[in-house]
Amino acid sequence: MTKSELIDVLAAEQDHLPYKDVEEAVRKILERMSSALASGERIEIRGFGSFSLHYRPPRIGRNPKTGESVALAGKHVPHFKPGKELRDRVNQAFQRERAAQLDVDHDDEASAPPLQVAVSS
Amino acid sequence: MALTKADMAEHLFDELGLNKREAKDIVEMFFEEIRTALERGEQVKLSGFGNFDLREKKERPGRNPKTGEEIPITARRVVTFRPGQKLKSRVEAYAGNER
């Protein structure tokens with residue numbers, strides 16, 4: 001799903017709002033999230049996940065073409081940690097797909113490993 | 001202080017003239033639609049921000065950290081986030097505390 005497809009879905013659900021407003025809202029949400037991270041602020045969305053910055057210390061890199069050493073400064077990179085609801089929903093859907101697949105295999109009388117659904121995190 | 005859904009809704013109320021209910025709903029649905037797409041097994045690409053990708057992990061040996069008992073960690077699908085170039089460049093410039 002791309003940003004424009006996401007806008008289409010939201011506009012269809014919020015059909016009392018002009019398409020333009022939904023488009024602008026999505027743009028503003030992403031811009032607000034980016035600017036938060038650019039100023040070192042965390043983002044916490046319950047049930048979805050959290051975004052924070054991770055620090056990468058300075059290191060000596062190498063120009064792959066010339067083999068020359070270059071000093072690279074330390075920097076921050078964005079990091080996302082999925083929240084519990086997102087993790088569980090994605091994985092439960094996956095386990096249902098696997099179970100369905102195992103059923104098909106079983107019908108074909110192919111041998112399949114037993115499905116284990118124990119969740120440890 | 002962390003940015004929350006309430007802050008984002010407030011921002012839409014201030015800047016777009018949506019009413020509070022509409023602003024709150026659209027923020028809620030924004031995240032819900034991303035979750036739903038990922039649940040369907042679909043990658044989500046938000047240009048300028050980043051991509052939410054799905055990876056399948058094979059079963060691997062694990063241990064119960066409390067009891068030390070060996071239990072396999074079952075095969076699973078997980079979400080990863082790959083920031084886009086634009087977001088990476090903006091964040092790289094942040095010179096705050098090394099964390």
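At 35% relative accessibility, A:Glu85 counts as partly exposed; buried means under 20% relative accessible area, exposed over 50%, and partly exposed in between, with a 1.4 Å probe and protein chains only. Before I go on, this is a predicted model, where local features need pLDDT of at least 70, side-chain atom pairs count only at pLDDT 80 or more, and totals for chains, interfaces and linings use all residues. Residues are numbered from 1 along each chain as its sequence is written, chains are lettered from A and ligands numbered from 1 in the order in which they are written, and side-chain values use heavy atoms, with hydrogens and water left out.

Back to A:Glu85. The partner of A:Glu85 in a salt bridge is B:Arg35, with the closest N and O atoms 3.7 Å apart; a salt bridge is a side-chain nitrogen of Lys or Arg within 4 Å of a carboxyl oxygen of Asp or Glu. This pair crosses between chains, from helix H2 of chain B to helix H3 (residues 84-107) of chain A. Helices (H or I, at least four residues) and strands (E, at least two) are DSSP runs, numbered from the N terminus. B:Arg35 is buried, at 5% relative accessible area.

A:Arg89 pairs with B:Glu39 in a salt bridge, the closest N and O atoms being 2.9 Å apart. A:Arg89 is in helix H3 of chain A and B:Glu39 in helix H2 of chain B, so this pair joins two chains. Both pairs belong to a salt-bridge network that links A:Glu85, A:Arg89, B:Lys5, B:Glu28, B:Glu32, B:Arg35 and B:Glu39. Over all chains, the structure holds 19 salt bridges.

Next, strand E5. B:Arg77 in strand E5 of chain B pairs across the chains with A:Glu97 in helix H3 of chain A, and the closest N and O atoms of that salt bridge are 3.0 Å apart. B:Arg76 also lies in strand E5 (residues 76-83).

Last, the core. The largest nonpolar core has 44 residues, of which A:Met33, A:Phe51, B:Phe30 and B:Phe52 touch the most other members. Such a core is a set of buried Ala, Val, Leu, Ile, Met, Phe, Trp, Tyr and Cys residues joined through side-chain atoms within 4.5 Å. Helix H2 (residues 20-39) of chain B gives the largest share, 9 residues.
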